[in-house]
Amino acid sequence: MKLDGFQQWLKDTMGLDASTIGPTLVERAVQRRMSACGRAGLADYWQWLRDSTLEQQELIEAVVVPETWFFRDAQAFATLARHFDPLWAATHAGERLRLLSLPCSSGEEPYTIVMSLFEAGFPIERLDIDAVDISEQALGKARRGLYGSNSFRGGDLGFRDRHFQAVAGGWQLPASIRARVNFIQGNVLDLGFLPGEARYDAIFCRNLLIYFDEPTQVRTVEILARLLKPDGLLYVGPSEASLLLSRGMSSAQFPMAFAFRKAAPAPNPLAGTALQTNRRVASEPPRRAATPLASVPASPSRVSSASQRKPAPPTPASTSARPASAATTQSSLLDTAQSLADGGRFVEAAAACDAYLQAQGPSARALYLSGLIHGAMGRDAQAEGHLRKALYLDPCHEEALMHLALLLETRGDAAAGRVLRLRAQRCRTAASR
Ligand SMILES: C[S@@+](CC[C@H](N)C(=O)[O-])C[C@H]1O[C@@H](n2cnc3c(N)ncnc32)[C@H](O)[C@@H]1O
């Protein structure tokens, strides 16, 4: 028995494509489990594994990537809370809001959903969240609701003070929030996975598809589509968005939220000469007014906490005396880039950003957006370059600071990440004076 056999078993059982986490990680996990079981070699351990469902779960636990944190990719939660707001509750009397978090890992994602809806005024006694993960260990932590500092990342941690209690060993979520989430151990690829149809108003399936090969991704999207109500929302991770578009889903057009619907694809905003026009991409359905929630601000002064920040020094682009109509057209080009990015059409979005930068000159907003797009495409070096340029123009661009910090930390450079987070903190303090 060779390592390939174990890799194939993991793919068949849980969908894991070993190349996504690195074969050495799988090898180390197998070696570790082999010694823990006191098996002499791979063939011996293979036999042991085949005969023991307990050991099968142990091996799965050894390879899963439970990485998650509260308010990860926060726009997803903001748009969910705007969509299912108190008005939705009032106009759907007698209905419960049914959500699925799959995979939920150690619970940060479904609990963030509860906190977001609660803070937006949704009556959470009418909220049911099923939260599923293959890892028993992650679910155990989720049910306890006790979290350490690794679960709290990013600048704004006000929610921790509002909802958690500081206790020995971390921060404890109260029972009132924990009670809204029903944790279930499950494997999305199991034949009998959540039987029945179209039961959820929204599904969060973020940062799972990235570990699967293409046939498994396709299969998973079909399962999710079956579980989603006809007008439901499906949220995925930033680097998973393009896959959804190729599987008959269309972007919900929620900026930087990576949300999709089962519907006909939206018209291509780049069709014909659209890149040169100021045509807006269709927004939310008419039921509610679309409120822009872009994490990429319309102007530097709209950067989240930077709303109180002193304006950045004028850039060559902002001081250039262009005719108003040309400026409007260019700004719509950037809106188009944003919409394309929201829809997971990263190549076109990057092209629109480049066109904007060529026409308009350097701009922190465009460079930041470009950094996000390249990051979503997995082009980390380009993403880093664009984020650094954005910071050169606007040294206190908070989102650029946080994204660059995350990028460097993910690469293993925790010290550089910390420096950037401290800088963001200093900028916030200076802005609030
Ligand atoms: C990176 S976490 C994502 C958590 C959360 N959705 C987020 O984006 O922060 C990936 C999770 O997928 C779970 N997982 C992996 N394969 C699975 C499968 N076949 N079925 C259900 N969960 C799975 C792992 O146990 C792990 O907790």
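Q: At what angle do the axes of helix 4 and helix 5 cross?

A: This is a predicted model, and in it the two axes cross at roughly 110°. Helix 4 covers residues 42-51 and helix 5 covers residues 53-63. Their axes come within 5 Å.

Q: How is that angle read: is helix 4 roughly parallel or roughly perpendicular to helix 5?

A: Angles from 65 to 115 degrees count as roughly perpendicular. Helix 4 is therefore roughly perpendicular to helix 5.

Q: Which residues make the contact?

A: Helix 4 brings Y45, W48, L49, R50 and D51. Helix 5 brings T53, E55, Q56 and L59. Sorted by class, four of the contact residues are nonpolar, two are polar and three are charged.

Q: Let me step back to the whole chain. How many helices and strands does the chain have?

A: There are 20 helices and ten strands. The chain has 433 residues, and 52% of them are buried. Its accessible surface is about 19,600 Å². Carbon and sulfur atoms account for 55% of that surface.

Q: Of the contacts between residues at least 6 apart in sequence, what share joins residues at least 24 apart?

A: The share is 71%.

Q: Now the sheet. What is the strand order in the open sheet of seven strands?

A: Read across the sheet, the order is 6-2-1-7-8-10-9. The pairing is mixed. From one strand to the next, the twist averages 25°.

Q: Which strands stand at the edges?

A: Look for strands with a single partner. Here they are strand 6 (181-185) and strand 9 (249-251). Each has one partner strand, so one side of each lacks a neighbour in the sheet.

Q: In what sense do strand 7 and strand 8 pair?

A: They pair in the parallel sense, over four bridges. Y200 has L228 of strand 8 as its bridge partner. F204 stands opposite Y235, also in strand 8.

Q: Is strand 8 largely enclosed or left open?

A: First, a general point about strands. In a regular strand, side chains alternate between the two faces of the sheet. Now the case here. Strand 8 spans residues 228-235, and six of its eight residues are buried, so the rest of the structure largely encloses it.

Q: Which strands does helix 8 lie across?

A: Helix 8 lies across strand 1, strand 2 (127-133), strand 6 and strand 7. It runs at about 165° to strand 2. Angles over 145 degrees count as roughly antiparallel.

Q: Next, the backbone. Which residues does a cis peptide bond join?

A: The general rule comes first. Most peptide bonds are trans, and most residues other than glycine have a negative phi. In this chain, a cis bond joins L102 and P103, with omega about 5°. P103 sits in the loop between strand 1 (97-101) and helix 8 (108-119).

Q: What is the phi of F71, and where does F71 lie?

A: Phi of F71 is positive, about 55°, and F71 is not a glycine. The residue lies in the loop between helix 5 and helix 6 (75-83). F71 counts as partly exposed because its relative accessibility is 24%.

Q: And N207: is it buried or exposed?

A: The cut-off for buried is under 20% relative accessible area. N207 has 15%, so it is buried. Its phi is also positive, near 60°. Look for N207 in the loop between strand 7 (200-204) and helix 12 (214-227).

Conventions
Residues numbered from 1 in each chain as written. Predicted model: local features only at pLDDT ≥ 70, side-chain atom pairs only at ≥ 80, totals over all residues. Heavy atoms only, no water. Helix = DSSP H or I, 4+ residues; strand = E, 2+ residues; numbered from the N terminus. Buried < 20%, exposed > 50% of the residue type's maximum accessible area, 1.4 Å probe, protein only. Contact = heavy atoms within 4.5 Å. Areas by Shrake-Rupley, 256 points an atom, 1.4 Å probe, with all protein chains shown as cover. Axes fitted to C-alpha atoms, helices over the stretch in contact; angles between N-to-C directions. Parallel < 35°, antiparallel > 145°, perpendicular 65-115°, else oblique. Nonpolar A, V, L, I, M, F, W, Y, C, P; charged D, E, K, R; others polar. Pairing = 2+ DSSP bridges.
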